[in-house]
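The sequence and structure come first.

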Amino acid sequence: MWAKQSLVPLAMEKQSHGEMGIIPSDSHSHIKLLKINRELLVTHIRNTQCLVDNLLENDYFSSEDAEIVGACPTQPDKVRKILDLVQSKGEEASEFLLYVLQQLEDAYVDLRPWLSEIGFSPSELIQSKVVVNTDPVSRYTEKLRQQLGRDSKFVLCYAQKEELLLEETYTDTIAELVGLKDESLGPLGSLACLLDRSSGVLSEQGETIFICGDAGMGKSMLLQRLQSLWAARRLDAQFKFFFHFRCRVFSCFKEGDALCLQDLLFKHYCYPEQDPDEVFAFLLRCPHAALFTFDGLDELHSDFDLSGAPDTSSPWEPAHPLVLLANLLSGKLLKGAAKLLTARTGVEIPRQLLRKKVLLRGFAPSHLRAYARRMFPDRAVQQHLLAQLEANPNLCSLCAVPLFCWIIFRCFQHFHSVWDSAAQLPSRTVTLTDVFLLVTEVHLNRTQPTSLVQRNTRSQVETFRASRGTLRSLGQVAHGGMEKSLFVFGQEEVQAAEFQEGELQLGFLRAVPEPGVGGDQQSYEFFHITLQAFFTAFFLVVDDQVGTQQLLRFFQEWAPPGEAGAESCYPPLLPFQCLKGGGLAGEDPFKNKDHFRFTNLFLCGLLSKAKEKLLRHLVPPAALRRKRKALWAHLLASLRAHLKNLPRTQSGGFSQVQAMPTFIWMLRCIYETQSEKVGRLAAKGICANYLKLTYCNACSADCSALSFVLHHFHKRLALDLDNNNLNDYGVRELQPSFSRLTVLRLSVNQITDSGVKVLYEELTKYKILTFLGLYSNQITDVGARYVARILDECKGLTHLKLGENKITSEGGKCLALAVRNSSSILEIGLAFNGISTEGGKSLAQALQQNTSLRIFWLTKNELDDEVAESLAEMLKVNQTLKHLWLIQNQITAKGIAQLADALQKNTGITEICLNGNLIKPEEAKVFEDEKRIVCF
């Protein structure tokens, strides 16, 4: 509005020429333009030095002119003096001043609307002039780009001297936009969709984009990729500032530390080289130009009591860094700035802060193959690796977690470099403990000298025995931090662990990159939180002083639901507790404790009988047996107590139990033991015959653990795994359980035709299946053929859910043949597919001979009046179908009339739903008397 008001005289002058609007800049004097809009320019030009620099550079100003401007006492006075001097030097100088304002958009952002409205277009002469950006804000933006570009260029490996280019190795994972209850809102199309203003928005008032996922799912890598794109100007969003913070670093500040917001951003992130006060003032004026990323909220633990600290909305008032973080997230500081926050599954933040929520689900088989191509450009090596993975579904399932996939690939890469074509990954069953033992062995052996004629041939036992001191030091640091839930270590902790020269360079620990953390001394952290958990477990196993109580310290989190207060699930002083204004409500006391859960998991793996050969050289066998006995007893008792306290319902002849994510973690721990005895005892504790594991964020590797227990369950079982992330590898890992399953629900699990083929091969061996749920996967006509054969051979199958896949008429025809011959099927769901005329007609014809089907879902396909005519013919014959759903198809009033006529000869059907078809309200009135036709 201010721009339009200031241009009223110009607009009136334009009207004298018979036209309305703003005067084009080339049709009037530039001197006059500056005079008329003088006060607007004085108000909104805040950087005068940049103007003076360019006027000097292009000889419009002399050094005396610059001194005159510099002598003015205030900024507005300097602007007025510049305008006076420029106007006195003529049209060309005035035009050049406008050109500088136009070219340096970042420096004069407040003038963008005015420059746009006046339609300024410089002459060729002026366009030939060089404009130099000396604006401190623009220069700070460039410094940020350089720093972020440098920091995000490489992916650090375990051995610090090795680096991989992010651009060459980054691979997208399955990322899904979800709602407030974690219901799917569809896939995240690209990283750009994270920051757009349309897709997946939960609240327009929310400012935080919340990215969650299990450990190792790629949350930090996604943020690193965003940094890289912004630094390279490849991110569409117009952010001038990008501030990246890792939440764990806030744990390093002492209780008495206090900073103002400017110091947090500049001294502890990136300091402006020129005029920091001007840069900060711009940030306060334009907070929407800033993007903040906060990585790992679940890793933030501190003794500072936020509940007693006052909120701060002043950017200049010193406060504890945690208070600043909490108020940035709540919008009390820099309201309008975009924020990306990551945390592990189970962490929740207040709904009023949420703008979007994204769930990372890891690698599908297609991502795994793409990642293999990036990591191993040599096609022969790549095929050798993929062949080994395909031969070991268990190893493939671990690769669904990007971090574990990367570790496995790096181990293979090491073997290949040492043994050339003889590189082999383990062919047996592989646990996560095996993977971490393997990567530890690989990197410990890198200190050994090798040559072309003499290679290192130390066994794993010899490697660990020779590195006992190193492993003990790593374990001591890891355990000390884990007990306090700290992930950054100072010189004091590192020195107390008595590391020898060179051991810090092995790559297990790395220097903390943030400036100012730990004062003048270097701080360290483990490469990943799971690595710290592994070495914590290793310490608990090999240290002679660790008794049973200390060994089981982290299993105390396994209290049954309801027995532990919500306060126990989180450190009591986290920012999001402060934001909620009180305690955190929640049933599951095992939430947000991944560092403890992984420690427990690795304990189970290290104390397995299979690892005794390795560890007996580090700890007396008697001590190993004592710790193993105590661990197994506690593990089984925890499982029984957990299952006993789960809610149960009786439904459809089943005793149904809704398991929680804690149950998945218990199964993982049992699997790590690789003890058939423990698996058998665990199965004995499952006293329900319908196991519901929906929304547990289970991945394909969890299917290995589930089958390890369930194959000991000797009764028939219903298994519901809807809404997880199992994919085809998970289906393969479920094979040992298929002989027990009468109900199998696998909807929303990224399953493709390959997984459906496995289902066909296994389920038709036993022919006991009654319910198969495959809704919302990635099944095409190829998979539909396999499903049709399952229906054909499993004579007791009553319910089949295939909605929201990629099935067309070809798949519909295959299913039609199976439906025609089935005498057991009661309900079929084929909604949200791509079945058109021929497929629809085939299904209608099949129903003329089927006498068992009661409910048929064909919502949102591509069915037209020809299909309606075939369905009408079917209704004249079929008296057993009760519900026919044809919502959102392409049927007109003509087709509906045929269906209505057929109902005169049908007394069995209850309703035909036709909402959302090609029928107008006035046309629908014709069918009002036929209550079984539902049009609106």
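The largest cavity of this predicted model has a volume of about 260 Å³. A cavity is here a set of points, on a 1 Å grid over the protein atoms alone, where a 1.4 Å probe fits but cannot get out, whereas a pocket is an open set with protein on both sides within 12 Å along at least five of seven lines; in both cases lining residues have an atom within 4 Å of a point. Grid points are joined across faces, edges and corners, and a volume is the space filled by probe spheres set on the points. Around the largest cavity there are 22 lining residues, and those that lie nearest its centre are Phe404, Leu432, Arg668, Ala701 and Asp702. Two or more residues of this lining come from each of helix H20 (393-398), helix H29 (594-606), helix H32 (661-673) and helix H34 (700-710), where helices (H or I, at least four residues) and strands (E, at least two) are DSSP runs numbered from the N terminus. A search of the whole structure finds eight cavities of 30 Å³ or more.

The largest pocket is lined by 50 residues, with Ser220, Met221, Gln224, Arg246 and Arg510 nearest its centre, and helix H14 (residues 219-231) gives the largest share of that lining, seven residues. The table sets out volume and lining classes; Ala, Val, Leu, Ile, Met, Phe, Trp, Tyr, Cys and Pro count as nonpolar, Asp, Glu, Lys and Arg as charged, and the others, Gly among them, as polar.

| Space | Volume | Lining residues by class |
|---|---|---|
| Largest cavity | about 260 Å³ | 14 nonpolar, three polar, five charged |
| Largest pocket | about 1500 Å³ | 23 nonpolar, 14 polar, 13 charged |

Residues are numbered from 1 along each chain as its sequence is written. Because the model is predicted, local features need pLDDT of at least 70 and side-chain atom pairs count only at pLDDT 80 or more, while totals for chains, interfaces and linings use all residues, and side-chain values use heavy atoms, with hydrogens and water left out.

The protein chain holds 42 helices and 23 strands, and 60% of its 936 residues are buried, where buried means under 20% relative accessible area, exposed over 50% and partly exposed in between (1.4 Å probe, protein chains only). Of the contacts (heavy atoms within 4.5 Å) between residues at least 6 apart in sequence, 78% join residues at least 24 apart.

In soluble globular proteins, nonpolar side chains tend to be buried together. A nonpolar core is taken as a set of buried Ala, Val, Leu, Ile, Met, Phe, Trp, Tyr and Cys residues joined through side-chain atoms within 4.5 Å. The largest such core has 262 residues, among which Leu194 and Phe409 touch the most other members; helix H26 (residues 529-542) gives the most to this core, with 10 residues. Apart from this core lies another, of 35 residues, including Leu55, Ile82, Leu85 and Ile126.

Helix H39 (residues 837-847) is largely enclosed by the rest of the structure, because eight of its 11 residues are buried. The cover over the buried residues of H39 includes helix H38 (809-821), strand E20 (855-857) and helix H40 (865-875). In the loop between strand E19 (827-829) and H39 is phenylalanine 832, whose phi is near 55°, a positive value in a residue other than glycine; at 36% relative accessibility, phenylalanine 832 counts as partly exposed.

Glycine 803, in the loop between strand E18 (799-801) and H38, is buried, with a relative accessible area of 3%. Its C-alpha atom is separated by 5.4 Å from that of glycine 829, 26 residues apart along the chain. Leaving aside neighbours within four places in sequence, glycine 803 is in contact with residues including Leu774, Tyr775, Gly829 and Asn833.

The loop between strand E21 (883-885) and helix H41 (893-902) contains glutamine 888, and leucine 886 also has its place between E21 and H41. Which of the two is buried, and which partly exposed? Leucine 886 counts as buried, at 0% relative accessibility, whereas glutamine 888, at 37%, counts as partly exposed. Glutamine 888 has a positive phi of about 55° although it is not a glycine. The C-alpha atoms of leucine 886 and threonine 859, 27 residues apart along the chain, are separated by 4.8 Å, and among the residues that leucine 886 touches, not counting those up to four places away in sequence, are Leu858, Leu871, Ile891 and Cys913.
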